[in-house]
Amino acid sequence: MSLHGARAAALLAWVNSTKVCPDPLNDLSQLQDCSVFIRIIHKIHRSKEGESVLEQPLPERISFVHGFLQKHCRHKLSTENLIPSQKLLDGDELTLAKVAVLLLYHTSMSCKSPGDWNEFDYKTQVELASILKFVLDNEESLNENLEPFLQKKALPSSSGTSSSSSFEEHSPPLSVPHKGEVRFLKLQRIAAFPSTNDMLPSPPSSPMGDIMQTPQFQLRRLKKQLAFERENRDRLEVELAENHKLLMEKEAQITMMQQRIDRLAKLNEKQTADQLEPKEMEELREKNESLVGRLHEAFRQCQDLKTEKAQMDRKINQLSEENGDLSFKLREIASHMVQLQEALNELSEEHNAALAQSQEKQGQLEKELHAALQDKKSSEEKIEILQGKISLLKDQLAKLEECSAQGKGEVMGDVLKLEELKQEVSNLTAKGAELQATVLRLEEEKQLREAALQSERSRFEEEKQQLGSLVTSLQSSLSESHQARERLEQDLQAWDAKGQS
């Protein structure tokens, strides 16, 4: 089955937006040699490893792409099952589209290059947003669901995402009890921890901007960054251990040199004391002068090494303290995000329950209004018929009154018939007025309900924007931690290079 045309076009538009190839691509088959994928990875990863891989044969390039996806995307299923190497070698367009989807997902999750989504048209943004939402909802089952999603056939309804329209189905929850406002205040308290940055405004509204500001996307991005920070912390701890080992080795070298200097000094004293021949004394004096020069140089090196060791000890202690502070801050952020997610889930459940209740009440009101309108219409028709009969009887009565007195009994009968009709008309008129009042009451109640629902929608949207601001603040704090770790890593690399030299 062929690829979904709109999704394939959106993926090509995203690949072209990375500007890693001189000429825009027109078809997914142009990605077969994996060079564009490697350049995108090189741009994301900011390493020169990709440049050397571009010179390798296609199997090595495929292996490099596999390794990157396996390391950074972290899906439970192996990359080989999701993206078979043989299909990449054959240039299968569906497999190439899968690679583009995973790279789009990783790029979107990366804080280093968020991208300017406004350069895409609205339709392309909708398709890219639906792809991101699909990966978020199906991370655990991509091997089963990604292929049908990228093809023209629709996914089962349980998958949660079948087309771009699923992204736009954001029906805001309706009536929410006053407890919802208290719950949102709780969200604010959970997310309000110390930070040096002010709350950042939400970006301009767009399909990609909207999905990247959802709590689901932000939480997944923060979890991914936290895992990356943990890896950095582990690597820094290993480097600290290696630097400590290097210092121990240098201390051992210093001790050995000191012992050798002591032995040379004792040997010099012994040779001076002995009575030797002039020739031997001359040779011994030359050796002694050479040893004394080496002794002074060794002492100088010892002093330099001791000074350097003291400086490195102080720096390691400082870096260890900074590492501890950063680790505590990361744990605090993770704890806040877990609490924020739990509270957000509770708030969503309350919104959903209130939405179902409001929809049920709305349906009941509409049924009552429809029935009242039908009754009103029926009564009006009956009144109109009876009024016609009354008019006809009045004409007949007028004619009968002109007749002789012997027809008086028949005239009185028509009058009574006429009085009964007037009474029936009066009853129906009263009933019609009552139905009119009922209709007006139901319409007024419906308008009040719609106004309340609209007010609740506005309040919920405002809470959603505030929640996005809170998540942005958390992301800013995490970015500060990341920058601090980068500075720490640079310091350690500098010390390591100096120690090895």
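Which residue forms a salt bridge with Glu-139, and how far apart are the closest N and O atoms? In this predicted model, local features need pLDDT of at least 70 and side-chain atom pairs count only at pLDDT 80 or more, while totals for chains, interfaces and linings use all residues. Residues are numbered from 1 along each chain as its sequence is written, and side-chain values use heavy atoms, with hydrogens and water left out.

The partner is Arg-220, with the closest N and O atoms 2.6 Å apart; a salt bridge here is a side-chain nitrogen of Lys or Arg within 4 Å of a carboxyl oxygen of Asp or Glu. Arg-220 sits in helix α13 (residues 215-273) and Glu-139 in the loop between α8 and α9, so the pair ties together parts 81 residues apart in sequence. Helices are DSSP runs (H or I, at least four residues), numbered from the N terminus. Glu-139 counts as buried at 17% relative accessibility, and Arg-220 as partly exposed at 22% (buried is under 20% relative accessible area, exposed over 50%, partly exposed in between, with a 1.4 Å probe and protein chains only).

The structure holds nine salt bridges. Another one joins Lys-98 and Glu-147 (3.3 Å, N to O). Lys-98 belongs to helix α7 and Glu-147 to helix α9, so this pair links parts that are 49 residues apart in sequence. Lys-98 is buried, at 5% relative accessible area, and Glu-147 is partly exposed at 28%.

Methods: Helix = DSSP H or I, 4+ residues; strand = E, 2+ residues; numbered from the N terminus.
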